[in-house]
Amino acid sequence: MQKNLLIKSAVIVGILLVFVYGIFGIPSSFSGEGLKEAVLKNIRLGLDLKGGTYLILQVQVNDAINAETDRAIEILRDEFNKAHITYADISKPDTNHPETVVIKGVPLDSGSQVRDIASSKLQEYTITQGADNSLILTMNPDHLAQLKSDTLDKSIEAIRNRVDALGVSEAPIQKNGMGENQILVQLPGVDDFSRVKGIIQSTARLELREARGEYSTEEEALKAQPGGILPPNMVLLPNKTGDRVFLVSRTSVASGTDIRDAREGTKPDNNEPIVNFYLNPAPAKKFGEFTRQHMEGGPDPARLAIVLDNKVMEAPTIKSEIDDSGDIEGGFTPQSAKDLAMLLRAGSLPASLHYLSTRTVGASLGADSIRAGVKAAIAGMAAVLLFMLIYYRGAGINADVALILNLVILLGFMGFFGATLTLPGIAGVILTVGMGVDSNVLIFERIREELRHGKAPAAAVDQGFNRAWTTILDTHVTTIVSAIILFFVGTGPVSGFGLTLIFGLLANLFTAVFVSRVIFDAVLNRKARGEALSI
Amino acid sequence: MEFFRDTNIDFLGKKWYFLSFSLVFSVAGILSILFWHHIPLGVDFRGGTLVYVKFAETPNNNAIRAALDKAGLHNAKIQSYDVPSANEVVISLDLKETSEADLNKGKADIINALETNPVPGKKDLNNSDQVGFDTVRQALIDKNPTHGSPADYENMAHAVINVRDNVKGGVLSSLDDLKGAIPDAALNALKEDFYTGNFGVRNSDVVGPQVGGQLQKQATLAVGFSLLAMLVYLWFRFELIYGVAAVVAVFHDTLITVGAFSLTNQEITLTVIAAILTLVGYSMNDTIVVFDRVRENVKLMRRESLAEIVNKSINQTLSRTILTSGLTFLTVLSLYLFGGEVLHGFSFALVIGILIGTYSSIAVAAPMLVAYTDWRARRSGSGAAVLPTQGKGAGNKGKVRVKV
């Protein structure tokens, strides 16, 4: 018995030390400031306490789907030309469903040929017969889902790179909601949000395309085409200021993902800021091929359109073969050249974003909230501790030790898991105190009851713990269940509250049941047989 | 010390009082939800723009209204926030005036409208939307007033923001507030670039319609799922009727709490939902403690009727119920009193919820359990399966036969 108690006490002290380490780590000094710093290093404060900005962004996944089906259309046109299949039109009639392509006017006897093309070249698609002799090419659902989730992941990655490059440390960036393709970005300490906003949102999609003409208006561009319609593989894009239009190829020869590096620089002749970019080896080879084909005096001279976010930045003629580098000019300021180079390095967004919600908490409000929350926590805690001492006397000490230990373990958990303490989280801590007290009260009341029935102290303690245990288990499981749901369904602060509650309840199962029992046993051990228990 | 000892109150005998009490509050809440204030949703659910502004001096709501009107924001709502000495005002715009295409326009419009005497060519150091650490540091580096290293200017910028946000609570009354925090040369350099407007933005929420709707869905799902999960757990640990009775009690609590928000016209925000979920857990706790005792007593007291067993169980756990509720109430009350304006709704929900949650396990869940078991015994005529009550069960059997 004695030895058993010793082992149990050692376990408790061991656990206590581990969790104290979780809270403080190894502090640089043991002064008040040193300890405060150590705590803040281990227990991260949420934006509502520290100040900062929450953003919810919607990823326009349809952009990525459009790009993919554009490529499919391009392949179809090529293959149809090769196989001499005639067709009237290939289009995407429903803008809300860019995964569906309709092919019109294919002769009946070519139907099987089209199917062959699709099954060999477009395996991610299914062909079905549509109305009026049309054929409908639809992206397979798994591929569509995969594409959406990839787009979301790539967007998160790109935003993370950008935020890192801005020097915001430890900004959590994650998916938001349930399958709505949204991203939640938290920027601790960022309150001058105007610049950040632009940097996160700019798609920075760089594309190198073939340019075939430059016009002052769209009408003029159309008039210049044979028959007044654009060639099927060309589109019109405006320039940066919107006063010129360029006839450029629908697909690109290289794009943002092919970029190995980008740097801001200056043009040697007039010191105007420019951005230099360098391509990865494989796309560089393709680009070299393209420039040889289209350079001045080459087999098919054309200009090179440097397109950023669907705007033509410039369209120089190709003087000679280029393989792996180029530069963008277009009226940059030093700052905007620097930002663009950063964005190109960080990677373009696979789809455009727009803001659904922005919340900014000023650091001053956060500081006020901490003060108020901590004050409330201490007042509540002190009232409870005092009451337990008065009401249960000796056993009250027992409950108070368990409660304080509960708090230490809860905070230690948060330290170990790198969990974030939010304002509702502080409320969660206070609530844990309330629930911790409940377990103690349940046990103590039960022990008192057993004592009233004339049981000896040791037997009463034993019975009290046993009987209360089922109740405690049931109450904790139900509350943990709702806390887990809160953690997963809630966002930001609410999710933090759920997490605090889960940790607190787990800690409480240990302190109220195990630790409190060990203290009771230790007390009983030192008492003479038959001596009354202070409860 | 002991408050309750061997109480023997006939709780079940008062079930009609309980029923009428619950009905009055539920119906009042429902009527208010349906016809009066409806469910006042916070900005996170309904969408819209909310800007918390702190002024250097006591704000004049009429002047603010005039400035906003002039900027075309005719439907803006202006409310004082916190204690009057805080000089804080909340300005809110409807969802209609918050367009998803340009989400932050409303906020920017409000800030511009309040900026009554801008100094051309200078930036407002109190406008935290535009000026933060980065801007101050850059300005210092550009001016280079103390010929220091970038790290020096970084420290100075931190000091400036610290004075503004932590020492002065978000608003500097003039740039001279910074005296002592940074070298005079640096202060003079800042004076060339910055001025101080008479207000600062402490907090802002801009929520588009999509996110609001989505959050409503999420909150409903969270409450629904947690009720369902608890029902299943209780079904598994006790019997289905225990789960149903507990869930009905908890639903009753939720309804009355939401009703209280509607009656007092307080907004339900995301944190209030967290509080409601907490009270769901708390009230469930309370009910389980009683039910656990009932389960235990059913095995011990084979001769008594269920009503007697339940009464006895409530009495046996009464001391614990009152103590725990009292103590939890104490912590929640301290939250309500000292927790600050931000946690006000949250702690209000808990204060109401803990009172109602304690009441409902005694006054709703327990009578329902008894009523159902009696009803089933009468109907099936075979006596209650859960809680065999010999004497009464036999009597019921007889009655049913007569009916048949």
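How many residues does the contact take from chain B and from chain A? In this predicted model, the contact takes 61 residues from chain A and 64 residues from chain B.

**View 1. The side of chain B that touches chain A.** The elements that give two or more residues to this side are helices H5 (133-143), H6 (150-167), H8 (209-237), H10 (270-300) and H11 (306-338) of chain B, together with strand E6 (199-207) of chain B. Of these, H10(B) gives the most, contributing 13 residues to the side of chain B that touches chain A. Sorted by class, that side of chain B has 29 nonpolar residues, 26 polar residues and nine charged residues.

**View 2. The fold of chain A.** Chain A has 19 strands and 14 helices. Its radius of gyration is 34 Å, whereas the globule rule gives 24 Å for 535 residues, so chain A is more spread out than a compact globule. The C-alpha trace of chain A spans about 110 × 60 × 40 Å along its principal axes.

**View 3. Burial and contacts within chain A.** Of the 535 residues in chain A, 42% are buried. Among the contacts in chain A with a separation of 6 or more, 69% are accounted for by residues 24 or more positions apart.

Key: Residues are numbered from 1 along each chain as its sequence is written. Chains are lettered from A and ligands numbered from 1 in the order in which they are written. This is a predicted model: local features need pLDDT of at least 70, side-chain atom pairs count only at pLDDT 80 or more; totals for chains, interfaces and linings use all residues. Helices (H or I, at least four residues) and strands (E, at least two) are DSSP runs, numbered from the N terminus. The radius of gyration is taken over C-alpha atoms; the globule rule is 2.2 Å times the number of residues to the power 0.38. A residue is buried if 20 or more other C-beta atoms lie within 10 Å of its own, exposed if 12 or fewer, and partly exposed in between; C-beta atoms are placed from the backbone. Two residues are in contact if their C-beta atoms, placed from the backbone, lie within 7 Å. Ala, Val, Leu, Ile, Met, Phe, Trp, Tyr, Cys and Pro count as nonpolar, Asp, Glu, Lys and Arg as charged, and the others, Gly among them, as polar.
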